Amino acid sequence: MKPLLRATALVYRPDGFRAIGGIRCLAMEVVRQQDPSSCCVVVSRSSPADSFDGGLPGIPVVHKLHGVSRMLIFGCDSPWAYGLVVRTRLLRPSLKIGWLPSFHDPSSVSHAWRARLAQLALKATQSWGITVYAQTSHERKLLDGGLCQLSSHGLPADVKENLAGRLDLGRFSATSPRPVDLLFLGRPTRQKGWMRFLTLARLTRLHCLAIVPFEPTTDNIPENVQLVIRLSDDAIQACLSRSKVVIIPADYESFGIAQLEAVAAGCAVPLLGRWPLWDHFLHLHWQGCRDDVLAERLRRLCRSPRLLQRIAHQQAQYIFNHPITSTAFLPGF
């Protein structure tokens with residue numbers, strides 16, 4: 001492969017980007033906002049560049065940074081990525097580097113020690129001229145080491161258009177068919193609140209759908225939960241448009257792309273963890289509810305089309321008018 005001139009190198013994990021997920025959505029938005037032919041995905045030497053697509057369609061995969069003028073790191077839980085940044089800064093001190101972490105507040109997650117290490121590392125890298133981008137003011141305070149900037153969520157155009165459409169109540173009918181009561185979207189892990197979702201499914205006995213990227217290790221999934229694995233983006237959007245409430249009991253959400261797509265699709269999204277983007281939206285802050293209380297609230301919400309319509313409109317309005325939406329995406333990068 002010929003060296004890419006003035007290319008933007010995208011870095012995530014040693015084997016590239018997952019085929020689905022919020023990080024991939026952000027990476028694709030970076031590609032969309034510039035010439036895609038100038039982008040490449042960097043993977044470790046153990047990942048064959050000629051057979052692995054890195055999870056970003058049409059974007060070449062490379063092992064080396066030849067011809068690259070800038071590098072953008074995604075996430076903050078891959079030791080390989082930290083090592084690559086250190087080597088690159090030592091060997092190519094003039095290379096422009098930005099970092100868009102999916103950072104979790106150590107005080108709000110079960111993996112607090114890992115989050116604390118990431119916090120210290122991200123603050124330290126700023127002394128090397130590396131810009132770290134935070135997506136809420138709360139996270140900027142936690143990560144600021146001199147070169148931490150706020151960035152918008154870089155939502156795709158179709159999501160922005162759908163959010164705008166939700167502000168017109170004529171675009172969302174209270175009687176539009178939404179046969180799925182509760183939808184879970186994400187990895188079936190403790191961090192995403194998978195077990196609590198299953199508990200709520202059992203308690204509510206509502207029609208539940210779970211869209212996951214891989215087979216859960218969980219036994220005894222309730223009969224009222226329909227499990228689907230690794231759907232396409234279009235199929236996920238279709239499921240969102242048929243769902244009333246998206247419930248993701250994640251302990252902490254930084255990007256929250258799944259939640260934002262759900263709001264854009266007209267779903268109500270209760271807040272069941274520490275999600276700084278939604279700090280000033282008070283209607284569905286249900287983090288402190290016991291499971292039985294939460295189950296009753298979910299039943300009542302799903303049985304009230306007018307209430308669902310009002311909540312969907314309020315959440316879309318909150319995001320559409322949020323200060324972060326008028327902030328530049330990756331300013332200076």
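Mentor: Helices (H or I, at least four residues) and strands (E, at least two) are DSSP runs, numbered from the N terminus. The model is predicted, so local features need pLDDT of at least 70 and side-chain atom pairs count only at pLDDT 80 or more, while totals for chains, interfaces and linings use all residues. Residues are numbered from 1 along each chain as its sequence is written, and side-chain values use heavy atoms, with hydrogens and water left out.

Trainee: Where does Arg 230 lie?

Mentor: Arg 230 is in the loop between strand E10 (225-229) and helix H7 (233-241).

Trainee: Is Arg 230 buried or exposed?

Mentor: Buried means under 20% relative accessible area, exposed over 50%, and partly exposed in between (1.4 Å probe, protein chains only). Arg 230, at 51%, counts as exposed.

Trainee: What is to be read from phi?

Mentor: Most residues other than glycine have a negative phi. In this model Arg 230 has a positive value, near 55°. Leu 330 is not a glycine either, and its phi is positive at about 50°. Leu 330 lies in the segment after H10 and is buried, at 7% relative accessibility.

Trainee: How do I describe the packing of two helices?

Mentor: Two packed helices are described by the angle between their axes and the distance between the axes. The axes are lines fitted to C-alpha atoms, for helices over the stretch in contact, and angles run from 0 to 180 degrees between N-to-C directions. Here helix H5 (residues 157-166) packs with H8 at about 45°, the axes being 8 Å apart. Angles under 35 degrees count as roughly parallel, over 145 as roughly antiparallel, 65 to 115 as roughly perpendicular and the rest as oblique. H5 is therefore oblique to H8.

Trainee: Which residues in H5 and H8 meet?

Mentor: Contact means heavy atoms within 4.5 Å. From H5 there are Val 159, Asn 162, Leu 163 and Arg 166, which meet Leu 260, Glu 261, Val 263 and Ala 264 of H8. Val 263 also touches Val 269, a residue of the loop between H8 and H9. Val 269 is buried at 2%. Leaving aside neighbours within four places in sequence, its other contacts include Val 246, Trp 275 and Leu 284.

Trainee: How many aromatic pairs are there?

Mentor: Rings of Phe, Tyr and Trp (its six-membered ring) pair if their centres lie within 6.5 Å; planes under 30 degrees apart count as stacked, over 60 as edge-to-face and the rest as tilted. The count is nine. In one of them, Phe 281 and Tyr 318 have ring centres 5.5 Å apart and planes at 65°, so they are edge-to-face. Phe 281 is in the loop between helix H8 (257-264) and helix H9 (291-302) and Tyr 318 in helix H10 (residues 305-320), so the pair ties together parts 37 residues apart in sequence. Phe 281 is buried at 3%, and Tyr 318 is buried at 16%. Elsewhere, Tyr 12, Phe 17 and Phe 74 form one aromatic cluster.

Trainee: How many disulfides does a search of the whole structure find?

Mentor: A disulfide is a pair of cysteine sulfur atoms within 2.5 Å. The search finds zero. For Cys 25 the nearest cysteine sulfur is that of Cys 239, 15 Å away. Cys 25 is buried, at 19%. For Cys 39 the nearest is that of Cys 40, 7.6 Å away. Cys 39 is buried too, with a relative accessible area of 0%.
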